[in-house]
Amino acid sequence: MTTNQNIIACGRTVDIGTEVVLWQHAEGYTCPHPRGRRSCSQHDVQLNDAPTHEHSQYQILDLDTAYEELKQSVHQFVLHYDVCYSSHHCHQILKDSTFKGSHFYLDLDGTIYQTCDLYWKTNTAPADDRQGNERAVHIEMANLSWQALAEESDLYHAPKDLYRKVRGRWRFDLPEKYQEKLRIPDFKAFASRSYGERGYFSRRINGRTVRMWDFTEEQYEALIRLCFGIHQLLPKISLKVPFDKKKRRTPLGKIKNFSTFQGILGHAHVQGGKGDGIKKKYDPGSAFNWGRLRRALAGEATG
Ligand SMILES: [Zn+2]
């Protein structure tokens, strides 16, 4: 198995100090539907639009010019939950679509998968102005979110609740066919935090109640390292998250300056939904620990 800790933008690498599986690796996942960004000029413009072309056609011409253009145009890192059992499952779902993708996946065991050079655009979140993907890098973080409650599971029809309390912690009972595809196949996924007796978190986001268990400890640790690495490569993505100074917390729903914000934010922050086919979004959801990420980015100790 290849060991790598680098992420890549226009051929430049940064070591983020945690395991990254790249698309070129045998065990990696290749973005099924990359696109060219309109503000970048180092590729054939036909690659900006559908349909998806042969992967060999996605060539970056001059890497130095490409990197300068990319640094100027990309200023958001957008976090998503994937509503999937694992990153392997998420990749299958994206492959089945005709246009979707995501630069990164973050699996339950904390493994980061990079699916293409950050030069390319992935269609992950149009945002309310339909320009969301042009200015962003995206990550799909493995978490079933509301699907984890059997009574609310309509996509994958979970026959029973998939989280069980084991010695005071909530464990995700991953079906065997997904468990064996993890990079660490005997990994046991526990929610990093739990809410009271019931375990799952429940908050209203953009008009809907989102019930979900927390991400794993391994996911938070890897995500924090990834945020620093992305900022190093693309400095306009500031090390900050949306924050309501009066309420002293990160809002969960759409923010006013969603298109100009420079930093790390959630899909729900940029996409409150509009009547013309832009869906309401809720991710990364009610359990995501924004306070922890905010403190870590500010250089404060987390735990
Ligand atoms: Zn999303």
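Two strands are said to pair if DSSP finds at least two bridges between them, and by that criterion strand β1, residues 6–9, pairs with strand β2, residues 12–15, in the antiparallel sense over four bridges. The model described here is a predicted one, and its protein chain has six helices and 15 strands. The radius of gyration of this chain is 18 Å, close to the 19 Å that the globule rule gives for 303 residues, so the chain is as compact as a globular protein of that length.

**The chain as a whole**

- Along its principal axes, the C-alpha trace of the protein chain spans about 55 × 45 × 40 Å.
- Of the 303 residues in the protein chain, 57% count as buried, a label that here stands for a relative accessible area under 20%.
- When contacts between residues at least 6 apart in sequence are considered, 65% of them join residues that are at least 24 apart.

**The hairpin of β1 and β2**

- Within the pairing of these two strands, A9 stands opposite R12, which belongs to β2.
- The hairpin has two residues between its strands, and C10 takes a positive phi near 50° there.

**The largest pocket**

- The largest pocket holds about 980 Å³ of space, and of the 34 residues that line this pocket, K100, T124, H267, K279 and K281 are the closest to its centre.
- Sorted by class, the residues of this lining divide into 14 nonpolar, nine polar and eleven charged.
- Strand β5, residues 76–81, and helix α2, residues 87–96, each supply at least two residues of the lining of the largest pocket, and α2 gives the most, with three residues.

**The second largest pocket**

- The second largest pocket has a volume of about 260 Å³, and its lining is made up of 17 residues, of which R203, L252, S286, F288 and W290 lie nearest the centre.
- By class, the lining of the second largest pocket has six nonpolar, five polar and six charged residues.
- Strand β13, residues 201–205, and helix α6, residues 290–297, each supply at least two residues of the lining of the second largest pocket, while the largest share, four residues, comes from α6.

Conventions: Residues are numbered from 1 along each chain as its sequence is written. This is a predicted model: local features need pLDDT of at least 70, side-chain atom pairs count only at pLDDT 80 or more; totals for chains, interfaces and linings use all residues. Side-chain values use heavy atoms; hydrogens and water are left out. On a 1 Å grid over the protein atoms alone, a cavity is a set of points where a 1.4 Å probe fits but cannot get out, and a pocket is an open set with protein on both sides within 12 Å along at least five of seven lines; lining residues have an atom within 4 Å of a point. Grid points are joined across faces, edges and corners, and a volume is the space filled by probe spheres set on the points. Ala, Val, Leu, Ile, Met, Phe, Trp, Tyr, Cys and Pro count as nonpolar, Asp, Glu, Lys and Arg as charged, and the others, Gly among them, as polar. The radius of gyration is taken over C-alpha atoms; the globule rule is 2.2 Å times the number of residues to the power 0.38. Buried means under 20% relative accessible area, exposed over 50%, partly exposed in between (1.4 Å probe, protein chains only). Contact means heavy atoms within 4.5 Å.
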